[in-house]
Each structure stands twice: as C-alpha cells, then as structure tokens.
Amino acid sequence: MYNFDFVKPKTLAEAAAAMAGDEAQALGGGQTLIPSLKARLASPTTLVSLGGIKEMVGVCTGDDGSTCIGGATTHGAVAKDAAKLYPALAKLAAGIGDPAVRNRGTIGGSLANNDPAACYPSAALASGATIVTNTRKIAADDYFQGMFTTALDAGEIVTEVRFPVPEKAAYIKFEQPASRFALTGVFVAKYKDGVRVAVTGASEGGVFRWKEAEAALSKDFSAKALAGLSASADGMITDLHGTAAYRAHLVGVLTRRAVEAAA
Amino acid sequence: MKVTMTVNGASRSGEVEGRTLLVNFLRDTLHLTGTHVGCDTSQCGACVVHVNGQAVKSCTMLAAEADGAEIKTVEGMANGDGSLSTIQQAFQDHHGLQCGFCTPGMVMSTAALLKENPKPTEAEVRHYLEGNICRCTGYHNIVKAVMAASGQDVSTIAAE
C-alpha cells in the first residue's frame, strides 16, 4: 500500500473541508477500502476517516416513521439496533461478511462503494430509501448508477440513510462461499402502495429493480404470482462462480424465497 | 504520527505512518507477535484482536484508527497468575489447535462470542467462527473447545 496522510475529523464540517483536498478519499470501516489500498487499486494522498464523527453514528426513527441510520454506523450496530424497527434490514446487516467485518464495515461505506455484489444496495433500492449526504438528499432510484458508480460527487459524504419501513420484507442471498458476497441476492419489500424488488450480485450494471416481479407481486403478494416469470440473462455477470444464465435463474428462485420468507 | 493505545491494560505509544496496519503496529512496534497475519485480505481471521471490546481483523484496520482505543490481544488472555484462561485451557484440553497458526484469532473470536452469547449452540459457534479459517481443517475440535469453554457438555460432539 502506498502511503497517505491520515486525518480523523471530529465533525462533519471538518470532514467536508478535508474531503475538498485533491485526491482525498473518505474512509468508513475500511473493509473494502483497505484491501483495495493494499492491492494498489486506490492510492489517495489523504485518507479522511469518518470514524470520529459522532453525529454520523446510530439508528433512530424519523418523524415520518422511517428507520434512519447514520452513515458511519457499523453493520453490527444495525443488526442489533434496527432489529425491532426494520427486522429484514437488521437481518441483512447481520449476514454481511463475518462478525469481525461487521464490527468495522459501515452502511455509508457500502453504499458509497456500491459493489455490484454488496447486500446493502438492494435494501436501499427495494425500500426506496433516501441517501442523505452533507450537501443533499438523493432518492435510491437516482443514486445507484452502475457497478461501483453512484450519484455522489467527488468529496460528498453519505451522512445518513432513511428507510421507509415496509409492511413485509425479506432479503435472501445465495452466498459465494469463499467471499460470502452475494452471488445473487434479492430484497423484496411490500409497501401499502406496491411491492419493490431489488437484485444485487447479478447484473453488470450493479443493483437493479426487477419490475416485472414488482408488478406481479403488487397484484398478488405470493410466490405463485411469480409463476412463469423469469429474469433475462442479458447483462448479467458471468464469472468463474456462475454464468449469466445461472444468475438469472437465481433471481427467480431467490425472489420466490424472499416472498415466502416475508409473507 | 504518534499513536497511543491501551494494549492488554498498559498504555503503549509508537510512531506510525498513515498506512501502518494495526496488526503491524502490534507485531513490529510492540513486538506482540501472538497476533498472526494469515491471508492479509480479511478472510482468515488469524489477526483478530479486540478493539474497545469488539472483535476486529487487525490486518484491515489502520493503527491510526486505533489511537486512543483499548486493545486486547491473545497475549492479554491468560489469567493474572500466568495460567491459561478458560478458553485457552479448553483449546488445549480438546486439541483445538493443530499447527496453531489460526489459534490466536480463534481464541479472540471465541472470547467475543462468549461475551455476547455465553451458552451458544454448536450451530451458533460454527456460524460465529465463519470468519476464522483453520487450514489444518481442525474445526470439530475447535468447536468442541468453544463449547467446553462455555461450560457445556461436549460428549455428544464429534470424536477427537
């Protein structure tokens, strides 16, 4: 890993100022970034740790009933503290990586990185979450823009994520056994005005909504409503772990299982 | 830059670079070589230590991030009189280590598990330890040691 200057601001304002520097990079829990630095896939001149900003940590309920999670909240904390507020989200958090990874990795880091196989993007997209940054609020539908690509501008920091709480929801992933990332994962969330289905791990374009399944499930929230529906393999990832056709098949299987788990 | 942290109850300081990993600070600066580096990619868990009471992979945390923190390593696990702690003794009694390389991480993860869940089921032990890899594949006896350390009957778990 190339060397860098390390700064750990105590407030969001100080962090935003530090991020304005050339080649500055925000550091959440580092569970992806540190391996990337080791592999020299990233070489910032300044690393701005977000771990010292107390206002960015914690889980609470917003005025509108949504579950609000500070950007620097670890997966382990979400698994515990959101368990009563949004059980499917807490369960997703409890399944990321392993216990030691969950004690460091953060929701803001995961969403800012937008790994195509990460779990959190599916929850944010299926919940129609709002990604709050130090400068604006971004709807999940506008936020995810492709593999490792988001609507975030350079230097912008994810400070909070607000999840409208669904009536029913579940996340089911098929784990790639070595990395434990989702080979494919599906988050299904049923709201009063419709069902949203978000798929991670499968597409070359990163997390996406499976709209045909949403339409069918919005009419009838049951696994049998999905009979005859299959996701297209076009644009799906093919790698040594699975072909595009295999992943497309998993989308259907996991969506059905998620609906069964949520119902 | 200078960092100061409490390591196994004692205040320790040292100079680090921004890129210095916590595990390198522990091993190279403080000479606490009980914490091992296995994969260096946060997969294997040989480097697990406790940071402010939580299990963390010290190969994937910067030393600078641990400034001011309470760190516990495997060197801090023995009892005050130098005898092995319950967990360590259970690993010895149940042959929970073969080559021993993964053992420091296994012991630290076990301590974190039993703090959270003092009487885990066998399935819970296996699930919790999924981030700790034993390349001797000695999992049965590791699980047995963890169950024994939690004070549970291990006579029904697979034979040694």
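**Aromatic rings, sheets and domains**

Guide: Tyr86(A) counts as buried because its relative accessibility is 1%; buried means under 20% relative accessible area, exposed over 50% and partly exposed in between, with a 1.4 Å probe and protein chains only. This is a predicted model, in which local features need pLDDT of at least 70 and side-chain atom pairs count only at pLDDT 80 or more, while totals for chains, interfaces and linings use all residues. Residues are numbered from 1 along each chain as its sequence is written, chains are lettered from A and ligands numbered from 1 in the order in which they are written, and side-chain values use heavy atoms, with hydrogens and water left out.

Visitor: How many aromatic pairs does a search of the whole structure find?

Guide: A pair of aromatic rings is described by the distance of the centres and the angle of the planes. Rings of Phe, Tyr and Trp (its six-membered ring) pair if their centres lie within 6.5 Å; planes under 30 degrees apart count as stacked, over 60 as edge-to-face and the rest as tilted. Over all chains, five such pairs are found. One of them joins Tyr86(A) and Phe163(A) edge-to-face, at 6.2 Å centre to centre with 80° between the planes.

Visitor: Why does the pair of Tyr86(A) and Phe163(A) tie together parts that are apart in sequence?

Guide: Helices (H or I, at least four residues) and strands (E, at least two) are DSSP runs, numbered from the N terminus. Tyr86(A) lies in the loop between helix 3 (75-81) and helix 4 (87-94) of chain A, whereas Phe163(A) lies in strand 8 (residues 158-163) of chain A, so the pair links parts 77 residues apart in sequence. Phe163(A) is buried, with a relative accessible area of 0%. Tyr86(A) also pairs with Phe187(A): the ring centres are 6.3 Å apart and the planes stand at 85°, so this pair is edge-to-face. Phe187(A) belongs to strand 10 (residues 182-191) of chain A and Tyr86(A) to the loop between helix 3 and helix 4, so this pair ties together parts 101 residues apart in sequence. Both Tyr86(A) and Phe187(A) are buried. Tyr86(A), Phe163(A), Tyr171(A) and Phe187(A) form one aromatic cluster.

Visitor: In what order do the five strands of the open sheet in chain A lie?

Guide: Two strands pair if DSSP finds at least two bridges between them. In chain A the order is 4-5-8-6-7, with antiparallel pairing. Strand 4 (59-61) and strand 7 (137-139) of chain A each have a single partner strand, so one side of each is left without a neighbour in the sheet. Strand 4 and strand 5 (residues 67-70) of chain A pair over three bridges, in the antiparallel sense. Thr61(A) stands opposite Thr67(A) in strand 5 of chain A.

Visitor: Into which domains is chain B divided?

Guide: Domain bounds come from an automatic or database domain assignment. Chain B has domain 1 (2-76) and domain 2 (86-149), and their C-alpha centres lie 21 Å apart. Contact means heavy atoms within 4.5 Å; 17 residues of domain 1 of chain B are in contact with 14 residues of domain 2 of chain B.

Visitor: What pairing has the open sheet of five strands in chain B?

Guide: The pairing is mixed, and the strand order is 2-1-5-3-4. Strand 2 (10-15) and strand 4 (54-57) of chain B stand at the edges with a single partner strand each, so one side of each lacks a neighbour in the sheet. Strand 1 (residues 2-7) and strand 2 of chain B pair in the antiparallel sense over six bridges. There, Lys2(B) has Glu15(B) in strand 2 of chain B as its bridge partner.
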